[in-house]
Amino acid sequence: MTIIYFVRHAEPNYDNHDDMLRELTAKGTQDAKLVSQYLKDKEIDVILSSPYKRAVDTVKPFAYENKMIIETINDFRERKVDSVWIDNFDEFCKCQWNDFDYKLSDGETLGEVQKRNVKALKQVLYDHRGKNIVIGTHGTALSTIINFYDTTFGYEEFHKIRYLMPWVVKFTFEDEICFNIEKINLL
């Protein structure tokens with residue numbers, strides 16, 4: 001059995017429009033300690049993360065306390081929305097969840113995000129079979145993974161977790177078969 005704890009990052013500073021370098025707010029930094037507290041008795045073997053700063057910084061306190069290394073995996077990054085900031089993000093999200101092939105001119109579709117993230121997840125399952133794993137991630141990326149294994153997870157469910165940060169989703173696998181998804185609210 002392989003257990004993966006996907007950790008959606010804590011509250012980011014939305015004033016920073018650089019998706020890769022967007023840092024956590026003071027509240028987000030404080031809330032990252034809740035992640036560490038939750039994970040402390042889970043016998044974690046491996047810590048992986050999206051390369052984005054907010055995802056890494058959310059799992060960093062746990063890694064530091066346990067003297068573990070965080071390996072970044074580029075394919076766990078968040079979806080690229082576009083080259084410019086989107087003001088009406090809700091409308092954009094609805095369009096994407098209604099059509100997994102919808103994207104803006106310089107962005108990614110949810111289908112592309114899902115394919116990229118699930119491919120990375122399957123590689124993790126192969127490389128770390130039988131381990132307990134933490135993966136620092138993002139709301140949309142994680143939502144597309146949940147949707148892959150549970151197609152009832154759509155826009156309404158995504159909208160409910162939009163401001164839930166940090167958030168943990170525990171996946172239990174036997175080989176590549178996911179037989180349980182547990183959503184854990186830390187706040």
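1. Buried means under 20% relative accessible area, exposed over 50%, and partly exposed in between, with a 1.4 Å probe and protein chains only. By that rule Trp-97, at 9% relative accessibility, counts as buried.

2. This is a predicted model, in which local features need pLDDT of at least 70 and side-chain atom pairs count only at pLDDT 80 or more, while totals for chains, interfaces and linings use all residues. Residues are numbered from 1 along each chain as its sequence is written, and side-chain values use heavy atoms, with hydrogens and water left out.

3. The structure holds 12 aromatic pairs, where rings of Phe, Tyr and Trp (its six-membered ring) pair if their centres lie within 6.5 Å, and planes under 30 degrees apart count as stacked, over 60 as edge-to-face and the rest as tilted. Among them, Phe-92 and Tyr-102 have ring centres 6.2 Å apart and planes at 55°, so this pair is tilted. Phe-92 counts as buried at 4% relative accessibility, whereas Tyr-102, at 28%, counts as partly exposed.

4. Trp-97 and Phe-100 form an edge-to-face pair, with 5.5 Å from centre to centre and 75° between the planes.

5. One aromatic cluster is formed by Phe-6, Phe-76, Phe-148, Tyr-149, Phe-171 and Phe-173. Thr-137 itself is buried, with a relative accessible area of 0%.
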